[in-house]
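Here are some notes for a first look at this structure. Please read them with the model open beside you.

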Amino acid sequence: MKRIAAVLTACILCFGGVRLTAAADAVYNDFTYVIKSGTVTITGYTGEDAVVVVPETINGVAVTHIGSSAFEDNLTITNVVLPGTIEAIEYKAFAECKNLETINFPDPLETIGNYAFTSCLRLQAIDLKQVESIGDCAFQLCISLKEIVVPGSVSYIPDHAFQDCSGVTTLIIEEGVMEISEDAALNMYNLKEITIPASVTVIGAHALGFTYYYPDYTPTAAEIHGMIGSAAESYAKTNGFDFIPGPMALGDLNGDSLADANDAAMLLVAAAAKGAGAPSGLVSVQETAADADKSGDYDASDAAYILEYAAKAALGGMGSFESYMASR
């Protein structure tokens, strides 16, 4: 009997704990919420409006988080307006909101959790601003997106972050992103153009420009735009994508963001080959960068300008090579 009583007591305490947890979700208009660390996390929405405006404060406390599964499976909402106080959108917060068309991402937003917007089939556009972290499968199956721009504040693009965004034609990854995980943007069937900056040094197998139908990965017809000598060029050539070299700064022939002796050496070799009637080995963007004095051609004098600048730059206090040439 004592053992039974103990079990019953434990069950009562357990269920009591559940009731206390549920009771902790306070109600404000059509929202349920909790207060954590002095700020409000929205935990649910009980209204029936198509346009939902999340409050900036509740009882004077800032609303900073959209909690896990807060709007999950809501088929009524079409537009969500977030306040300028939102810092995080958590796990599955808007997952399976299949009629959601628009949502704004405020400037303070730093984190978008795993599966946060998965299967938001009608979501038209996203502006990630200065988001720092995007979770696995965060935008999976957002099939109505046409363009995705990943800001440089996101250093790592995780697995399946943009998988099955089949309507995307342009994927732009900005300077500052360093690693793209395997299958990050798989099954973008209509993808035409991918831009990858020099800051990206790791690109996982099949991360970009591939479709998958078991058991095969198939490359799309997308072009990859990037810097010569970068991971983008290597990825493109390894996987058979057309590689379009990006613009290079004046004097920077090797795309390392410097105008130095290495560039001058490349220029001299190219100029000598050209003078002998042989291929220079430079593509058009490199030839433009090689024309230091902007005379319309490149030769040994342009290499001399680069070496002169590099010697002065080594002492410090120099601006860009282009500004140096403009001041001559």
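1. Two strands pair if DSSP finds at least two bridges between them. Helices (H or I, at least four residues) and strands (E, at least two) are DSSP runs, numbered from the N terminus. With that in hand, take β20 (residues 223-226): 4 bridges join this strand to β21, and the two run parallel. Within the pair, E223 stands opposite D242 of β21.

2. A word on the source. This is a predicted model: local features need pLDDT of at least 70, side-chain atom pairs count only at pLDDT 80 or more, and totals for chains, interfaces and linings use all residues. Residues are numbered from 1 along each chain as its sequence is written, and side-chain values use heavy atoms, leaving out hydrogens and water.

3. How confident is the predictor? pLDDT is its confidence in each residue, from 0 to 100. The protein chain has a mean pLDDT of 91, and 93% of its residues reach 70 or more. Where pLDDT is low, the predicted coordinates should not be read in detail.

4. Now the sheet. It is open, has 5 strands in the order β12-β14-β16-β20-β21, and pairs them in parallel. Why is one side of β12 (147-150) and of β21 (242-245) left without a neighbour in the sheet? Both stand at the edges, each with a single partner strand. From one strand to the next, the twist averages 15°. Helix α2 (residues 231-239) packs on the sheet and touches β20 and β21. Its direction makes about 160° with that of β20 (axes are lines fitted to C-alpha atoms, for helices over the stretch in contact; angles run from 0 to 180 degrees between N-to-C directions).

5. Buried means under 20% relative accessible area, exposed over 50%, partly exposed in between (1.4 Å probe, protein chains only). Beyond four places in sequence, F162 touches residues including I126, L128, F139 and M188.

6. Last, Y156, in strand β13 (residues 156-157). Y156 counts as partly exposed because its relative accessibility is 37%. Leaving aside neighbours within four places in sequence, Y156 is in contact with E179 and S181.

Note on methods:
Contact means heavy atoms within 4.5 Å. pLDDT is the predictor's confidence in each residue, from 0 to 100.
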